[in-house]
Amino acid sequence: MIYDVVMCIHEKDINISIISIKSLIEFSNAKKIFLISSLEAIEKLKILIANEYLNKIEFIDEDSVIDGIQLESINKILKSRINSSARSGWYYQQFLKMAIANHVNISDYYLIWDSDTVMLGFMDFFDNKDRIIINVQKENHLPYFVTLKSILGIEKQVDFSFISEHFMIKTEYMRKLLNELSDNSFNISWSEFILIMIDDNSLSGSGFSEYETYGNFVSFYFQDSFHIKKTKSTRHGKKLFGDKINKYALFSLMLLNYKFASFESWERVSYKSLIRNFLAKFLYLLCNAIGFHKNLVIKANKIVNDK
C-alpha cells in the first residue's frame, strides 16, 4: 500500500526530529514525508537535513494547514476560557495531523509519526487483507471519551487505547470524520467546535485525543478495517540511554528487535543510563569487530551520522 508520513515538529524538538526523519527514510516505504512546522523551524530543518533526503520531504507551514485557524487563534480561545494558553500547542498539533488529510498531495494513507520517535526496523502497517495494523495500548483517560461523546455522539467502542507514537490513517476516513465534525459545528470551524465542547477542567490538561477520536470513529463506522497487533517498542529511550541519542543505543535496541523507540523530552534520565550506554558500546564494538549484524551497525551509524 502507498502511504506518506506526516510529522509535526516543534522548534525545540528539531535535533531529535532529524534523527527520526533519517530513521523513517532508512526503514519505511513512505512515498513522501510531510514536515509540518513554523516557518522559522522549517528554515532550520532545511539547513540541517542532508540534501540527499530533501527530494523525499515536503515542508508545510503550519499556519497554512487549517483555513482560518492558527496557533494564535487557539491561544485566544484558551485564554478566554481558562486564562491560560499553555496547552495551545498541544491541541494545535493534533488538529494539524487531522487537517492534513485535505492536503492536495496527500496519499490515500498517511502515517502520523511522533517527532521524538526513532524507527528501528522495517514495520508492517497493513496485514494480508490490506487492513491497517493498530499498535494498541492500555491507557484509559476518561476526558477523551467525554469529549468524543460531545462532538460526535459516539461512546468508546473498544477496550483498549488507540494512543501510540504512530498511527496509520486512511485519508478517506479522516475526511469523513472532519466532514461530520464540520456538520456538527454549525457556523464555526470544526477545531473551534472541539475546543468549545471540552469542559473547563479538562481543557487545561488533556481534554481531546485525535487518536482516540479517529480510532473510535473508525471502530463505529468501519469496524473491520483494522487489525490489532502489539509491536515491540519502548517510549523510555531517554530514561534508558540519556539525553543524547547515539549509535550504540540504537544498535542495541535494533539487536533486541525493537521496532521503534521514543525519547520524550519530559522524561528523567536514569543514573543507570551510564551503565546501559557502556554495555551498548561494548556490544556495538564487539559486533562490529567480528562482523556480526554488520547491516545494523551501518544503519545505526547512518541514522546518527556516525562513521
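Let's start with the lining of the largest pocket: 16 of its residues are nonpolar, 14 are polar and 15 are charged. One reminder before going further: this is a predicted model.

How big is this largest pocket? Its volume is about 1,400 Å³. Its lining takes in 45 residues, and Trp90, Gln93, Lys97, Asp114 and Asp116 are the closest to the centre. Now the elements. At least two lining residues each come from strand S2 (33-37), helix H5 (88-99), strand S4 (109-113), H10 and S9. Which one gives the most to the lining of the largest pocket? That is H5, with seven residues.

Stay with tryptophan 90 for a moment. The charged end of arginine 87 sits over the tryptophan 90 ring, 4.3 Å from the ring centre. There is another contact of this kind elsewhere. Lysine 232 places its charged end over the ring of tyrosine 258, at 4.8 Å from the centre.

Next, the second largest pocket. Its volume is about 300 Å³. Here 14 residues form the lining, and the closest to the centre are Asn15, Ile16, Asp243, Ile245 and Phe263. Helix H1 (residues 14-27) supplies the largest share of that lining, three residues. By class, the second largest pocket is lined by four nonpolar, three polar and seven charged residues.

On to the aromatics. The structure has 20 aromatic pairs. Take phenylalanine 162 with phenylalanine 226: an edge-to-face pair, 5.8 Å centre to centre, with 80 degrees between the planes. What does this pair tie together? Phenylalanine 162 is in the loop between helix H6 (142-152) and strand S7 (166-170), while phenylalanine 226 is in strand S8 (residues 226-228), so the pair ties together parts 64 residues apart in sequence. Phenylalanine 226 has a relative accessible area of 13%, and is buried because the cut-off is under 20%.

Here is a second pair. Phenylalanine 167 and tyrosine 214 are also edge-to-face, at 5.5 Å centre to centre and 85 degrees between the planes. Phenylalanine 167 belongs to strand S7 and tyrosine 214 to helix H10 (residues 210-221), so this pair ties together parts 47 residues apart in sequence. Both phenylalanine 167 and tyrosine 214 are buried.

Now put those rings together. Phe160, Phe162, Phe167, Tyr211, Tyr214 and Phe226 are linked into a cluster by ring pairs.

Several of these names come back when we look at the cavities. How many cavities of 30 Å³ or more are there? The count is two. The largest cavity holds about 70 Å³ of space. Its lining includes Phe162, Phe167, Tyr214 and Phe226, along with Ile132, Ile134 and Met168. S6, S7 and H10 each give at least two residues to this lining. H10 has the largest share, three residues. What about charge? The lining of the largest cavity has nine nonpolar and two polar residues, and no charged residues.

The second largest cavity has about 30 Å³ of space. It is lined by Ile133, Ile134, Asn135, Phe162, Ser164, His166, Phe167 and Met168. S6 and S7 are the elements that give two or more residues there. S7 gives the most, with three residues.

Threonine 234 has alanine 261, in S10, as its bridge partner.

Last stop, aspartate 124. Where is it? It is in the loop between S5 and strand S6 (132-134). Aspartate 124 has a relative accessible area of 55%, and it counts as exposed because the cut-off is over 50%. From aspartate 124 to lysine 176 is 52 residues in sequence, and 25 Å in space, C-alpha to C-alpha.

That's the tour. Over to you for discussion.

Key: Residues are numbered from 1 along each chain as its sequence is written. This is a predicted model: local features need pLDDT of at least 70, side-chain atom pairs count only at pLDDT 80 or more; totals for chains, interfaces and linings use all residues. Side-chain values use heavy atoms; hydrogens and water are left out. Two strands pair if DSSP finds at least two bridges between them. Helices (H or I, at least four residues) and strands (E, at least two) are DSSP runs, numbered from the N terminus. Rings of Phe, Tyr and Trp (its six-membered ring) pair if their centres lie within 6.5 Å; planes under 30 degrees apart count as stacked, over 60 as edge-to-face and the rest as tilted. Buried means under 20% relative accessible area, exposed over 50%, partly exposed in between (1.4 Å probe, protein chains only). A charge sits over a ring if NZ of Lys or CZ of Arg is within 6 Å of the ring centre and within 35 degrees of the ring normal. On a 1 Å grid over the protein atoms alone, a cavity is a set of points where a 1.4 Å probe fits but cannot get out, and a pocket is an open set with protein on both sides within 12 Å along at least five of seven lines; lining residues have an atom within 4 Å of a point. Grid points are joined across faces, edges and corners, and a volume is the space filled by probe spheres set on the points. Ala, Val, Leu, Ile, Met, Phe, Trp, Tyr, Cys and Pro count as nonpolar, Asp, Glu, Lys and Arg as charged, and the others, Gly among them, as polar.
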